[in-house]
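Here is a short report on one protein chain. Read it alongside the sequence and the 3D view.

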Amino acid sequence: MLRSVILAASRSSQVERLVATAPYTRDVVRRFVAGAATEDALRATRGLVDDGLAVTLDHLGEDTVRPEQATATRDEYLKLLKMLGDAGLTPAAEVSVKLSALGQMFDEQLAYDNARAICAAADAAGTTVTLDMEDHTTTDSTLEVLSRLRKDFPSTGAVLQAYLRRTESDCRELSSAGSRVRLCKGAYKEPESVAYQSAREVDKSYVRCMNILMSGDGYPMLATHDPRMIAIGEDRARWFDRGPERFEFQMLYGIRPEEQARLAGDGYTVRTYVPYGDEWYGYLMRRLAERPANLVFFGRALISKK
Ligand SMILES: Cc1cc2nc3c(=O)[nH]c(=O)nc-3n(C[C@H](O)[C@H](O)[C@H](O)COP(=O)(O)OP(=O)(O)OC[C@H]3O[C@@H](n4cnc5c(N)ncnc54)[C@H](O)[C@@H]3O)c2cc1C
């Protein structure tokens, strides 16, 4: 119920204005977002890489409705990739891209062209791109763009969401050699017709999907903060004899940093997903919907006068 209310608020411009102008919002945002500028993203990346973590960088923004916004997003990624390469931060750092920020909502070909330019820049910088997955109405289009991109850039990664009923089958399709798949639970509000609704059903699906990916020939990227899913991931890595070069754990910037360090210290590859940029609202609201404890933290910061 609370999750549905917060996810509805994530689409409300009135609530966005209220939250954006509230005192101390900036302090809360800073916990989950590296900063507004490309330089902030680079600084955060350097710190994480120095701590033995890999990174994927997300320039915040989604649901783009104008071609020039999509072009600006593409150009920001090109600039970021050049800076990462020049700073010697590739291949440890790669980028995550939302096709909706590149024009997918109004012109799939434009989104593909923009994504292709980003893949070419990543390739030149010696690193990779992962296509984030958004709500279920975009899944087919995103997987279609992925398969076109992979013809020239085979290391382009996909994200599959365990809450979708279709995902076990998508995992089978994408578990072949050379395929990079980030498995997450899923962050959008989806109808029962396409998605499991209870946490238990989603967790069971996550484990089934993990089994398919970890027993397959691709490169699984297990994106979760859930201690049970992480423990099962460690177990499957032993069972299928997957060392740190054959799969990785992924977590979000600012969430369970001690667990990220613990896993890296145990010899696993751990990648932190680092968002940066001005358009933090939708991202932050999805993080709040996932965890009521974050809401308490956020609410306290909003009303604090100190
Ligand atoms: C790297 C990465 C990339 C992602 N990309 C996408 C994407 O492209 N598309 C998409 O739809 N979703 C994406 N997600 C979000 C994902 O779908 C989930 O919404 C999100 O990760 C929450 O699910 P969870 O598996 O972490 O565990 P949850 O089911 O939210 O939580 C399970 C347990 O994990 C622990 N936990 C969770 N959060 C915290 C916290 N803040 N502090 C302490 N413990 C915590 C708690 O023990 C909790 O009970 C991504 C997530 C990650 C980590």
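## A buried asparagine

N114 is buried in this predicted model. Its relative accessible area is 2%, and the cut-off for buried is under 20%. N114 therefore falls in the buried class.

The residue sits in helix α6, which covers residues 108–124. Which residues does N114 touch, once neighbours within four places in sequence are left aside? The contacts are A70, T71, R74 and L102. A70 lies 44 residues away along the chain, yet the C-alpha atoms of N114 and A70 are separated by 7.7 Å.

## Nonpolar cores

The largest nonpolar core has 64 residues. Inside this core, L57, L80, L84 and V95 have the most contacts. Take L80. Beyond its neighbours within four places in sequence, L80 is in contact with T38, A41, L42, L57, V95 and Y276. Two of these partners, L57 and V95, are also on the list of residues with the most contacts inside the core.

A second core is separate and has 17 residues. Its members include I6, V29, F32 and Y283.

## The largest pocket

The largest pocket holds about 1300 Å³ of space. Its lining counts 43 residues. Nearest the centre are K185, G186, A187, R287 and E290.

Which element gives the most? That is α12, with 5 residues.

By class, the lining of the largest pocket has 19 nonpolar, 15 charged and 9 polar residues.

## The chain as a whole

The secondary structure comes to 13 helices and 8 strands. Along its principal axes, the C-alpha trace spans about 55 × 40 × 40 Å.

How does the radius of gyration fit a compact globule? For 306 residues, such a globule would have a value near 19 Å. The protein chain has 18 Å, so the two agree.

Buried residues make up 54% of the 306 residues. Among contacts with a separation of 6 or more, 74% join residues 24 or more positions apart. The pair N114 and A70, which are in contact, is 44 residues apart along the chain.

Methods: Residues numbered from 1 in each chain as written. Predicted model: local features only at pLDDT ≥ 70, side-chain atom pairs only at ≥ 80, totals over all residues. Heavy atoms only, no water. 1 Å grid on protein atoms, 1.4 Å probe; cavity = no way out; pocket = protein on both sides within 12 Å on 5 of 7 lines; lining within 4 Å. Points joined across faces, edges and corners; volume = space filled by probe spheres on them. Helix = DSSP H or I, 4+ residues; strand = E, 2+ residues; numbered from the N terminus. Nonpolar A, V, L, I, M, F, W, Y, C, P; charged D, E, K, R; others polar. Core = buried A, V, L, I, M, F, W, Y, C linked by side-chain atoms within 4.5 Å. Buried < 20%, exposed > 50% of the residue type's maximum accessible area, 1.4 Å probe, protein only. Contact = heavy atoms within 4.5 Å. Rg over C-alpha atoms; globule rule 2.2 N^0.38 Å.
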